[in-house]
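Me: I would like to learn how to read a structure step by step. Could you take me through this one?

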Amino acid sequence: MFDDKFVWGVASSAYQVEGTDPDDGRGKTVWDTFTEQGRIFQNQNAYTSCDNMHHYKDDYALMKNLGIKAYRFSLNWARILPEGTGRVNEKAVSMYRDMILTMKENGITPYITLFHWEFPQALQEKGGWLNEEVVDWFGEYAKVVAENFSDICEDFITINEPQCVVGLGHLSGVHAPGLKLSVPETFQIAHNLLKAHGQAVINLRKYAKQKIRIGFAPTGGVAYPYTDSAEDIEAARKVYFGFYNPMDNWTWNISWFSDPVFLGHYPKEGLEKFKEYLPEITEADMQLIHQPLDFMGQNIYNGYYVRQGADGEPEFVDREPGFPKTACNWPVTPKAFYYGIKFLTERYQLPLYITENGMSCHDNVSFDGRVHDNDRITFLDSYIGAMQRAYDEGVDIRGYFQWTFLDNFEWSEGYKERFGMIYVDFMTQRRIVKDSAFWYQDVIKTNGGNLSMNQTTKEILFLDPVCTHNIWGGTRLREDFHYPVEGDDLGECWGISAHPNGDGTLRDCGFSGMKLSELWKKHPEVFGNVDSDRFPLLIKIIDAKDDLSIQVHPDDDYAKVHENGSLGKTECWYILDCKENATIVIGHNAGTKEELSRMIHEGKWSEFIREIPIKKGDFLQIDPGTVHAIKGGTLILETQQNSDITYRVYDYGRLSNGKPRELHIDKSIDVITVPAKSVADSVKSVADLPVNTLNELYVCKYFHIYKIEVSGKMTFEQNAPFMNMTVTEGNGIVNGQPVKKGDHFILPNGFGNVELQGRMQIIASTI
Ligand code: BGC
């Protein structure tokens with residue numbers, strides 16, 4: 001979680017939200033010209049947009065009500081200096097001063113961006129960014145900003161996304177001023193822009209009325225590693241700060257813009273690659289660009305995979321089929337956010353603010369009059385969670401500005417893209433607070449405490465089981481349950497197990513690939529922080545084609561002393577299937593220990609063994625000390641303590657690999673309970689229990705066992721530390737997850753409401 005000093009904000013820009021007024025005295029920007037030329041979506045324009053210039057008092061009140069602490073917004077250069085230089089429009093100054101003061105009255109800290117693309121048309125007519133005088137023009141504007149606002153604002157950002165200004169505005173021409181200049185001209189523009197940044201820093205500090213902090217807000221997709229291997233991380237870092245784009249796309253570059261600003265030089269690799277296109281670059285230029293800054297900003301929206309290729313060089317990797325994306329088709333890549341934050345802070349060593357991050361959604365007003373933008377919540381939750389991962393690792397990240405507060409004018413896309421946490425009806429100027437804004441309010445209030453990374457998982461934890469080969473095993477685990485295993489001697493499926501002899505692997509959840517034993521150790525909260533050094537239960541399906549040996553298990557005390565600290569084994573069986581007239585061995589006929597010992601030593605097996613009839617749907621509890629054996633043709637679901645200690649008393653004289661299997665006569669005699677529990681107490685039929693009910697079959701010190709027959713729909717509350725489930729018949733849906741016979745899964749701690757439907761039988765257990 002983040003500390004109390006962390007700056008939680010929202011961001012916007014002047015042109016995207018303000019709107020205009022016939023008497024506002026502003027000058028035109030290049031975007032006015034561009035939209036008048038009809039060069040954007042549906043010939044839209046920003047003359048009204050969110051009309052924030054007439055609604056800011058209400059909009060800031062809304063921010064305050066939602067607990068927003070900081071607002072990054074921009075000033076419109078052409079509103080303040082209608083001709084770009086010279087005459088100051090006092091109406092603009094007083095509007096912006098009132099805006100800042102109103103923010104502050106509402107407890108919102110202002111962060112001013114000087115230039116978020118509101119380039120004065122008057123200066124465009126003098127050559128715009130291509131004219132080197134732009135350095136002085138922007139410097140003059142910075143002086144005016146410092147003189148008029150630095151008494152009431154302490155945080156300033158010079159330029160937003162130089163990559164877009166140069167690339168979209170002057171190379172591809174999709175943004176104003178919509179030029180398609182030559183590559184050398186665009187390098188000249190980039191160089192002028194960086195110098196203008198430097199000049200602005202100088203003038204902001206020179207004319208500031210108090211000590212101020214200044215940063216820069218570049219952008220760029222993040223090259224992030226396909227896997228977390230050291231090689232892939234290195235490959236991604238190399239691409240992120242490298243020069244892999246074709247020349248007609250060269251401006252999507254991090255180091256070309258950030259190295260001069262933060263490190264004082266252009267990157268060597270770039271100077272080499274771009275040498276034929278570069279303008280004259282002097283020592284004095286570099287000094288001007290390299291002004292001391294207080295923080296770095298970065299706008300991060302997404303990234304692309306890179307890994308180390310076979311030749312050791314970075315290689316680009318396609319996104320997975322069906323990857324998540326936003327309404328404007330940008331990929332959703334939270335991991336890129338983590339790596340971008342890490343890479344930038346490592347290289348530039350300045351405190352970082354995420355100056356923009358967010359997504360456009362297909363937001364719509366629902367029948368209840370609200371806007372349920374769940375995709376945005378999922379997006380922000382994963383991105384802010386990724387940011388917390390970096391923060392927890394000690395990265396110096398100071399703040400986060402969500403893009404954006406109000407749905408607004410999305411540049412060449414007009415009003416097509418809704419990026420806001422507040423819905424705006426552009427026909428009426430009505431605002432509706434989307435669900436994401438309330439969610440973000442909680443993020444702010446709890447410093448990230450409500451992020452899902454800080455909650456225990458609510459996901460169903462599916463397990464891939466481990467199957468074993470046994471001399472008495474058969475083929476039903478493969479044929480009836482479809483476990484992908486070979487062999488005609490498949491005896492046991494360890495369905496939910498963290499035992500070293502059969503540790504299950506998690507699948508289809510946030511812990512996919514992890515062993516259950518590892519999850520138990522690393523995330524005890526998933527299991528309700530139960531006080532136990534190991535996952536306490538073990539669930540198996542047993543297919544006995546032939547008879548199992550006659551066995552007995554020790555209890556905890558005996559196993560601890562004689563079996564190297566192991567747990568004892570209390571277990572129970574649910575008979576999934578058996579032959580007609582089937583029997584099972586349970587208990588024995590000895591009346592005293594002496595008699596027991598004699599019967600065993602003298603091999604009086606028919607006298608000793610107690611065999612009783614069973615049928616499908618029977619339930620048997622096998623306490624330690626109970627002699628037992630499954631007979632051939634029986635299929636059972638076994639729930640037991642997490643232990644693999646069995647004492648074999650008798651193996652019908654069979655040979656395995658030509659030799660008899662080991663017997664454990666002395667230990668067996670030690671632990672067998674004499675006399676045995678009565679037959680009536682040993683078996684009960686639970687075949688016909690009420691449907692759609694959590695039927696308790698048995699409770700002991702180690703487990704609670706339940707049987708559920710789903711027919712249609714049912715719900716119940718999962719309030720135990722965790723609940724194991726195995727589907728033993730049929731199929732259905734559990735909380736949105738399709739499940740079928742043979743599936744094993746765990747419902748974690750705090751799971752809450754379990755919604756089951758379909759036609760299926762489930763055997764469940766808790767501790
Ligand atoms: C810009 C914003 C824009 C946002 C979403 C950023 O590149 O700074 O002005 O609205 O992305 O496209």
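This is a predicted model: local features need pLDDT of at least 70, side-chain atom pairs count only at pLDDT 80 or more; totals for chains, interfaces and linings use all residues.

Me: How far is a polar side-chain atom of Glu 356 from an oxygen atom of the ligand, and how far is an N or O atom in the side chain of Glu 410 from one?

Reply: For Glu 356 the distance is 2.7 Å, and for Glu 410 it is 2.5 Å. The ligand taken alone exposes 310 Å², of which the protein buries 94%.

Me: How many residues surround the ligand, and which are the closest?

Reply: There are 13 residues around the ligand, and the closest are Gln 16, His 116, Glu 161, Glu 356 and Glu 410. Sorted by class, this shell is made up of six nonpolar, four polar and three charged residues.

Me: How should I read the nonpolar core?

Reply: The general idea is that, in soluble globular proteins, nonpolar side chains tend to be buried together. In this structure the largest nonpolar core has 144 residues, and Trp 250, Met 387 and Tyr 440 are those with the most contacts inside it. If we set aside neighbours within four places in sequence, Trp 250 is in contact with several residues, including Val 166, Leu 171, Phe 187, Trp 256 and Phe 274. There is also a second, separate core of 38 residues, which includes Tyr 483, Cys 509, Phe 511 and Leu 637.

Me: How many disulfides does the count give?

Reply: The general idea is that a disulfide is a covalent bond between the sulfur atoms of two cysteines. Here the count comes to zero disulfides. Cys 361, for example, is in no disulfide, and the nearest cysteine sulfur, that of Cys 328, is 9.5 Å away.

Methods. Residues are numbered from 1 along each chain as its sequence is written. Side-chain values use heavy atoms; hydrogens and water are left out. A residue is near a molecule or strand if one of its heavy atoms lies within 4 Å of it. A polar contact is a pair of N or O atoms within 3.5 Å; within protein, one must be able to donate a hydrogen and the other to accept it, and residues adjacent in sequence count only if both atoms are side-chain atoms. Accessible areas come from the Shrake-Rupley method with a 1.4 Å probe; for residues, only the protein chains shown count as cover. Ala, Val, Leu, Ile, Met, Phe, Trp, Tyr, Cys and Pro count as nonpolar, Asp, Glu, Lys and Arg as charged, and the others, Gly among them, as polar. A nonpolar core is a set of buried Ala, Val, Leu, Ile, Met, Phe, Trp, Tyr and Cys residues joined through side-chain atoms within 4.5 Å. Buried means under 20% relative accessible area, exposed over 50%, partly exposed in between (1.4 Å probe, protein chains only). Contact means heavy atoms within 4.5 Å. A disulfide is a pair of cysteine sulfur atoms within 2.5 Å.
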